[in-house]
Amino acid sequence: MAIDIPTRTDQLPTSAPRFIGKAVNRVEDPALVSGTVEFIDNLSLPGMLHCAILRSPHPHARITGIDVSAALALPGVEAVLTGEDVERWCDPCFTAPEGWGNYCLAVGKVRFVGEPVVAVAASSRYVAEDALELVQVEYELLDPVCNPDEAMAPGAPLVFENRATNVIQSRTYTWGEVDRVFAEADRIVSRQFRWNRVGANPTETFGCICQWDLADNSLTCRGAYQTPRFMGIGRAASLRLPANKVKIISHAQGGGFGGKGGPRGTDIAALLSRKSDGRPVKYIEDRMEYLLAGGGQSWDRYYDAAIALKADGTVTGFKVRLVDDQGAGAEGYGTISAAKPLAAFTGNYRIEAAFYDLTLVATNRAPTYPYRGYGPPPHNLVLESLMDVAARELALDPAELRRRNYIGPEQFPYTVPSGNEYDSGNYAGVLDRVLELADYKSLRESQAKARAEGRLVGIGVVSTVEPGVFDWNAYATVGVPGVGVPEGVKVGIDVFGGVTVAVGFNLQGQGQFTVAAQVVADYLGVEMNTVKVTTASTDVALPHFGQGGSRLGVAVTGAILGACEKLRRVFCRVVAHVMQTEPEQIELLNGRLQIKGAPAHGMSIAEVAGLMLSRSDLLPPGVEPCPEATFVWVSPNRNLPDDQGRCRSYLTAAAATHVVQVEIDRDTGQVAILGYYIVDDCGTRLNPASVEGQLQGGVAQGVGAALYEEYVYDAQCQPLVSTFVDYLMPTIHEVPMTVKDHLVTPSPIAPLGAKGCGEGAIHTTPAALLCAINDALAPLGLECRETPASPRRLWQLLHDKA
């Protein structure tokens, strides 16, 4: 029987929600603040060994010899792993597109600085590091290709010789009559942009403990895994194991943001365990390893883009040519970040035609991996910067130009040219509210006064759409197959009425355990403190994905509602049988199963569960004494993409407009953020405090990407970033506490009307800051079109002008 998932809070079996929509205390926090949560580096197993990894000092070289004899002879060393072992026991990792992957250790040659070459398992990390000093590796140096121009040049050295090219994929997409709208345009605005590589930097780097059971040839991996089920499937494929022989136990994580990575480290630790007779092997990535070659570098991009406009400011067309430097292969699925912009390619605007020329290139930089936002932040910066340039050329206020082009509330659901369907929104309403919140007129007046004084003050007004709750079909264009991303839960009630929710993911900071407890408590009419949320290992968990893609709050809500609805139906049968009536006459309301019209006659949730578990003789035929239910939720109404990549991919479309005022110091190039204002619309706010945290955290990462952070490589492809002295991240002193308000247009199709909200601020903040910077530079006739707009870069721009 089909399960209908409520899309409105008034459809819940309660007189009024007591927890959903409220800023309740997080259920995760007592354990976190008391230090009782077990992070992976806190765990020690009997007989455990420690792993250290020798990494390549060269960006491109052939390995001509490895001598590990001295390392093996060092007291305390139990095993040494080389590419010869890996080639014998492993396959290269699966990639999208297929065939652009590496082994966990270099086999035959190295392709980037920091690539693992040899690994050691020893009695301590100190001994393992000492052993690495004894390993002798001989290299034949090869010419590196350090950027896409070099990589695509005729006769360029090949990163993967078997591919005969460094172009991973080159494809164009045409949506609508692009040539016509550009030919008929009254004005075309075009620019080139450079987004330099940035990335996730969680407080905790990646870590794992792997143990190979030699008796039944199975593997158990404990670690900081963001998507444990898919990590398990990947390890089964690369290590040539049946999927049910790989068990992943996900530990709480000190942040992730997509950049935990971990497939190489896991495979290396697993193989060292295999070589060490099944002893557990721990690998904890240090910060220098992470910055050098961890799974967090993203978005190394070169853009050439244009918009077509009518004389009244109506934008009719959008063209983007993107060359994306993926680094040494597609092992980290960084290709997805170039596909995701299809989900909201034309932003908040009624642009009738669009064109995307996408080229993915392999170079001898570290492979790119996911990072929060997974691709749209640079794309939005390009689109919004062009909107600002057009506004200046048309002598229009940038807020007014956007208003003229917004999709109207009456037009939803709205299909954008690239094929995705936006579920709902009120973009003009969001703009109006943020302009009022910021007192936009006063901001412009203060800017005019500052300019008269010779100060470089600018204002950015930027609107973006945050696609939420992804489906695999969004990424089919880069070789990811499938439709339907599952999120499964089990909801059980014990004999005393306590409720346990088993999920497949672990704590990562976003408060999803709290959301799960809120939803269960309101549906079943119990107190939140009676609900326990726990993580199941992959061998017993239901199909799930976990954190990623602005989806988990919505997805876990759908899964819990489905499981609770199954429970309600069974409980109605039990109560009807006991009270000698029909199940249709029983309703669940405020935690009681009662006869309709006679609420005094009924049983509480706890009483029904207790009866089922202790008096099976009273159960109706066919009902098991098991007050538990499972449900696996997927986004409804998804479809396969057509030949131009068009499909209904992301379920929801949250939206936001940011207004920011900045000032550039002429003498230093330093950017000061004078004020920052946000109004967002993510539908029903399941937990407003969680949304607040997501927004503020996304702003912090957006400030970093726009103003400070950059993975720098020299002309020989040597990374120049190895510590936080080199990779400059913003602190609390650089990130403003934003002034926030919100609008609510509930999703008509998502569980309880909620929309994804985990990535919205980082989608918007870099564009808002760059637009504000260029607004400040406009009186000088200057533009900054490269990120980060660091003090050095802006000072150079001002200095060259002088």
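Author: Let's begin with the aromatic rings: F230, Y374, F470, W472, Y475, F545 and Y650 are linked into a cluster by ring pairs. Keep in mind as you look that this is a predicted model.

A pair of rings can be described by how far apart the centres are and by the angle of the planes. Take Y711 and Y727: their ring centres are 4.5 Å apart and their planes stand at 40 degrees, so this pair is tilted. Y711 and Y727 both sit in the loop between α18 (688-707) and β30, 16 residues apart, and their pairing links distant parts of the chain. Are these two tyrosines, Y711 and Y727, buried or exposed? Both of them are buried.

From that loop you can move on to the sheet. Four strands make up an open sheet, ordered β20-β28-β29-β30, with mixed pairing. At its edges are β20 (456-468) and β30 (739-742), each of which pairs on one side only. From one strand to the next, the twist averages 15 degrees. Inside the sheet, β28 (residues 652-664) and β29 (residues 671-681) run antiparallel to each other and pair over 10 bridges. If you want a spot to look at there, V659 stands opposite Y677 in β29.

Now look at the helices on this sheet. Helix α14 (residues 440-452) lies across β20, β28 and β29 and runs at about 145 degrees to β20. Helix α19 (residues 760-777) packs on the sheet too, touching β20, β28 and β29, with its direction at about 155 degrees to that of β20.

Helix α19 has a helical partner as well: α11 (residues 376-393) packs with α19 at an angle of about 35 degrees, the axes being 8 Å apart. The crossing of α11 past α19 is right-handed. On the α11 side, the contact includes P376, P377, N380 and L381, while α19 contributes residues including I762, H763, P766 and A767.

Definitions and conventions. Residues numbered from 1 in each chain as written. Predicted model: local features only at pLDDT ≥ 70, side-chain atom pairs only at ≥ 80, totals over all residues. Heavy atoms only, no water. Pairing = 2+ DSSP bridges. Helix = DSSP H or I, 4+ residues; strand = E, 2+ residues; numbered from the N terminus. Axes fitted to C-alpha atoms, helices over the stretch in contact; angles between N-to-C directions. Contact = heavy atoms within 4.5 Å. Phe/Tyr/Trp six-rings, centres within 6.5 Å; stacked < 30°, edge-to-face > 60°. Buried < 20%, exposed > 50% of the residue type's maximum accessible area, 1.4 Å probe, protein only. Left-handed = near helix turned anticlockwise from the far one by under 90°.
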